[in-house]
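Dear colleague,

I am handing over a structure that you have not worked with before, and I would be glad if you looked through it alongside these notes.

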Amino acid sequence: MYEHLETAENRDTLKRVVVDPVSRVEGHGKVTLLLDENNKVQQARLHIVEFRGFERFIQGRPYWELPVLVQRLCGICPVSHHLAAAKAIDQLVGVDPENLPVSADKLRRLLHFGQVLQSHALHFFHLSSPDLLFGFESDIGKRNIIAVLQDFPDIGLQGVKLRKYGQEVIRMVSGKRIHGTGAIAGGMNKHLSKEERDTLLADIDQILEWSAASVALIKKVHCANLPYYDDFATIRSNYLGLVKPDGALELYHGGIRAKTAAGETITDHFDYCNYNDLIHEEVRSWTYMKFPYLLSQGKEDGWYRVGPLARVNNCDFINTPLAEAARVEFKAHSPEAMVHSTLAFHWARLIEVLHCAESIKELLHDADLLVGELVAQGEKRYEGIGVIEAPRGTLFHHYQVDDNDIVTKANLIVSTTSNNQAMNESVRQVAAEYLSGRELTEPLLNNLEVAIRAYDPCLSCATHAVGKMPLQLELRDVDGVLIDKLIKHDTGDIERV
Amino acid sequence: MTKTITLDGKTIPFTDGQTIMQAATAAGEYIPHLCHHPEFTPHGSCKLCTVKVNGRNCSACTFPAAEGQDVINNSQELTDDRKKITQMLFVEGNHFCPSCEKTGNCQLQAVAYYLNMLDDHFPLFYPHREMDASHPDVLIDHNRCIFCTLCVRASREQDGKDVFGIVGRGINKNLAVNSASGKLKDTDLDKNDKAAHICPTGAILIKRTGYQVPIGQRIYDHHEINEVTLLSENHHGE
């Protein structure tokens, strides 16, 4: 809808405004606006300016390092990378998800619920709540978690403690709050001890209460600001995510479901091992982040959104009662089959927090966490694909190994990458509808960041490709005269012009 | 009559033929080391066990204990030197502890913690070193080799083989294997050999076993290397 704002004509004559860095997101990105003489926005882009290269440097390493090595992509959702890689290397040792020992499967699920709980709590309370509680254009001095703790101490503290609980779950299952071990090829390396289980059980009812309160809070904030919250940064998109066989919300393992903006099914229960038949990625010259799209829908219309909004939109129901009741209310607030409001990401995210809290409570009463077989083993394979619903959306890990157990090829499609086109569309929508023609000020520019922040992007995770990025190198003399110019195309070909 | 030396002012006994390292260990005194192992001929190459004997620097693992020696082990000067040596070992290789499967069980890492090494200090070399994953059960990651020669000695002295050797000099030194192809798969190394289990770092590893020991149950998770070493070296062979 706002594609025309991706690339302006006569760019040299336009005024440039840069938001750099985009704050209160994971990783480094910037937004550039090109304005004409009447301050009308002619171009708006979200650029991802950091560069990682994980896909390349894990080549040549032994496969059993992958869950521990690739989780270093991120300090916020390392567990998601850890588990996606673990699911992939399960296949390398001949263990399919249905053959994973029951205890290992439940321990991984507990680990993942802890992860999603802490990551969502961090995002909502620490990063986004200042915008939502004080206003998008409020004083910059107010837009931080410290101000939230001062003005809304109960809410701020609950957020901090919710995150802490999720991290404690992670620590007890994987040994550390950040970058632990835990998942190994074919299973897990330890059970939960009875003491650990009892410690987590002691606080879970309080966590459930706070999680329910957070859903009530975001519903109140969202509905009190209608129709603004339903319009701001809102775009109509396809949605993609995993679901259980019965259509329920799923975070750890399931088939892929994709729906159109109208709620029509594009694909359902699609085996993620064939993801290459479903999704392709496009490279553009002005950002390090790729643009995935659904092959069947084509490059122009095939982009989609992932993450809490996609998952809660896509699923038929949630299998925990409080979260399901919240989902029903969430869907009912919109007259459409799918909720398209970008700010509704927050609402969906907190419904998932509630689902995680309920699921953790249920799991903690399961004796399989404490005893039972931990590791399975099968026939060696040469290719493994692991897909999981990370906090920010569907995460794909794909590896190939040789006879010596060494990784020869890796492909990662990280959640935030899937939201790349959508985030750019939202930025362009805000630029066109809320900023264009106005004198730009810092509070006004925060609107762009609010739009990006709703997606909870992890830019560090999403910029891992190497060797495919287009590059232009110019050599100029002291007077600025161009002496030489090299262009590396996205095919890898280098041209001198 | 018992013969004695003084170690940091404390009188400790020794028997003829013992090195300073052996006497100190038997007396419950830890001298930091990496290339020394009580089961194998001393090598004296890592220099971490450098002590002052009557004012002169000596390697405790090779220097015989003798009546009248006044040995300094714990001094700020020696700790600083040992820390520098450890920092040099780190920067000369590619030691990425956060993702290394030996982390928590690694003597190099444990010594660094013991010496309170908080940074690399020296510029990292980032040397280009290959891995040899050709053997079905054992992997060599040359990035982590510190040339302690424990695998060389274990193979010769205990396994009765001659699988490993150090070739080249200075900065070009590297760990080589005894096969025409230069690949580990073409040697007679077996995964049960002592040489396959002796590496103090993560340079020689048994394949497909990484990360199986949970955090909290690894060797150095709860005890520093001085405690672990004194316990194991005073009870080896029992």
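Below is what was found, taken chain by chain and then at the contact between the chains.

Please keep in mind throughout that this is a predicted model. In chain A, the domain assignment gives domain 1, covering 54-422, and domain 2, covering 472-497, and the C-alpha centres of these two domains of chain A lie 41 Å apart.

The crossing in which α11(A) passes α12(A) is left-handed. On the α11(A) side the contact is made by L322(A), A323(A), A326(A), R327(A) and F330(A), while α12(A) contributes W347(A), A348(A), I351(A), L354(A), H355(A) and E358(A). Of the residues in this contact of α11(A) with α12(A), eight are nonpolar, one is polar and two are charged.

Chain B has a secondary structure of five helices and 10 strands, and its C-alpha atoms fill a box of roughly 55 × 40 × 40 Å along the principal axes. For 238 residues a compact globule would have a radius of gyration near 18 Å, so the 18 Å of chain B agrees with that expectation.

Where the two chains meet, the contact takes 18 residues from chain A and 16 residues from chain B. The side of chain B that touches chain A divides into eight nonpolar, five polar and three charged residues.

Key: Residues are numbered from 1 along each chain as its sequence is written. Chains are lettered from A and ligands numbered from 1 in the order in which they are written. This is a predicted model: local features need pLDDT of at least 70, side-chain atom pairs count only at pLDDT 80 or more; totals for chains, interfaces and linings use all residues. A crossing is left-handed if the near helix is turned anticlockwise from the far one by less than a right angle, and right-handed if clockwise. Helices (H or I, at least four residues) and strands (E, at least two) are DSSP runs, numbered from the N terminus. Two residues are in contact if their C-beta atoms, placed from the backbone, lie within 7 Å. Ala, Val, Leu, Ile, Met, Phe, Trp, Tyr, Cys and Pro count as nonpolar, Asp, Glu, Lys and Arg as charged, and the others, Gly among them, as polar. Domain bounds come from an automatic or database domain assignment. The radius of gyration is taken over C-alpha atoms; the globule rule is 2.2 Å times the number of residues to the power 0.38.
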